[in-house]
Amino acid sequence: MTTIAVVIPVYNESRWLEKAVRRVTASPRPPLDGADPAMGLCERLIILVDDGSTDGSIDIARRLAAETAAPGPGSGQKVRLVEHTQNQGKGAALRTGIETALAADADIILIHDADLEYDPADHAAVLRPILDGRADAVIGSRFLGQVHRVLYYWHAVANRAITTLSNMTTNLNLTDIECCTKAFRRDVLRSFRIRESRFGVEPELVAKLARVWLPDESASDGRLRRARVYEAPVSYAGRTYADGKKITWRDGFSAIRCILKYWLSPGIGRPRQ
């Protein structure tokens, strides 16, 4: 049975959290093989990491986890809560969530936000290249033709600049490294550990992914190959600062710092022997 862990970092999202989680649980679970549900469905583990919320999000998360503490036969999904006693940042929450997913033997880890900016209906398209064996990681993109809310011009300019700089240092041709929907095979995330504690985690993930080497299944001599990276279009209902958006211009400069830091870091992503 293939298990997909959906890691959701949470910080002061009481206004949106319950609806966001219920949208995930209501979305169809991918079939195990091809498009025929008769072949069986993947198990889904939703991991909520509350990062020291102070607005009541933790109570909502506890209730959602309690509801699935003993799922009925055939339900195929469960919500698990991990709590940080103090706010540490999105990167720290993802680090905890990924470690929890790996400890639970999840086969695929998908990152999803706790607000309503991203639609879990897009998860199927993001997961498909991994499930059918083409990809080791899939990065979502808000700029490949799906519907998205039109918001801040300068945010878009900054995102293009950050993505271009990242592509120059990783030699990947991505269109949206800051997209918060990303999926990875467990072997990819076992090959490195997240270090950034704030929003710098997005360029860090891409920088380290670009240097991951995995066993080549088609070779019998133990040779390694680079991780296969795909993109998939996702829709985007961006929110305003009045709606609780947290990223600021400082995080843009932090992203540039992280890109350069992991480009210049010796030993990051060396092939595993």
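Residues are classed here by relative accessible area, with buried meaning under 20%, exposed over 50% and partly exposed in between, as computed with a 1.4 Å probe on protein chains only. The structure is a predicted model, in which local features need pLDDT of at least 70 and side-chain atom pairs count only at pLDDT 80 or more, while totals for chains, interfaces and linings use all residues. Residues are numbered from 1 along each chain as its sequence is written, and side-chain values use heavy atoms, with hydrogens and water left out.

Of the 273 residues of the chain, 51% count as buried. The secondary structure comprises eight helices and nine strands, where helices (H or I, at least four residues) and strands (E, at least two) are DSSP runs numbered from the N terminus. With contact defined as heavy atoms within 4.5 Å, residues 24 or more positions apart account for 76% of the contacts in the chain that have a separation of 6 or more.

Seven strands form an open sheet with mixed pairing, in the order β3-β2-β1-β4-β6-β5-β9, two strands being taken to pair if DSSP finds at least two bridges between them. The edges of this sheet are β3 (77-84) and β9, each of which pairs on one side only. From one strand to the next, the twist averages 20°; for angles of this kind, axes are lines fitted to C-alpha atoms, for helices over the stretch in contact, and the values run from 0 to 180 degrees between N-to-C directions.

Within the sheet, β1 and β4 run parallel and are joined by four bridges, with I4 having I108 in β4 as its bridge partner. The pairing of β4 with β6 is antiparallel and also extends over four bridges, I111 standing opposite K182 in β6. Strands β5 and β6 likewise run antiparallel, joined by three bridges, and the bridge partner of A137 in β6 is F184. In a regular strand the side chains alternate between the two faces of the sheet. Strand β6 is covered on both faces, with K182 and F184 buried on one side and A183 and R185 buried on the other.

Helix α2 lies across β1, β2 (43-51) and β3, and runs at about 145° to β3, whereas α4 lies across β1, β4, β5, β6 and β9, running at about 150° to β4. In α4 (residues 123-131), the buried residues are H123, V126, L127, P129, I130 and L131, and the buried residues of this helix pack against β1 (3-10), β4 (108-111), β5 (137-141), β6 (182-185) and β9 (229-233). Helix α4 is followed by G133, which has a positive phi near 90°.

The axes of helix α1 (residues 17-26) and helix α2 (residues 57-67) come within 10 Å and cross at roughly 30°. Angles under 35 degrees count as roughly parallel, over 145 as roughly antiparallel, 65 to 115 as roughly perpendicular and the rest as oblique, and α1 and α2 are therefore roughly parallel to each other. Their crossing is right-handed, a term used where the near helix is turned clockwise from the far one by less than a right angle, with anticlockwise giving a left-handed crossing. In this contact, L17, E18, V21 and R22 of α1 meet S57, I60, A61, R63, L64 and E67 of α2. By class, the contact has five nonpolar, one polar and four charged residues, where Ala, Val, Leu, Ile, Met, Phe, Trp, Tyr, Cys and Pro count as nonpolar, Asp, Glu, Lys and Arg as charged, and the others, Gly among them, as polar.

Backbone geometry in the loops was also examined. Most residues other than glycine have a negative phi. D105, in the loop between α3 (90-103) and β4, has a positive phi near 65° and counts as exposed at 54% relative accessibility.

Beyond its neighbours within four places in sequence, M1 is in contact with L32, L41, C42, E43 and D107. M1 and D107 are 106 residues apart in sequence, while their C-alpha atoms are 9.2 Å apart in space.
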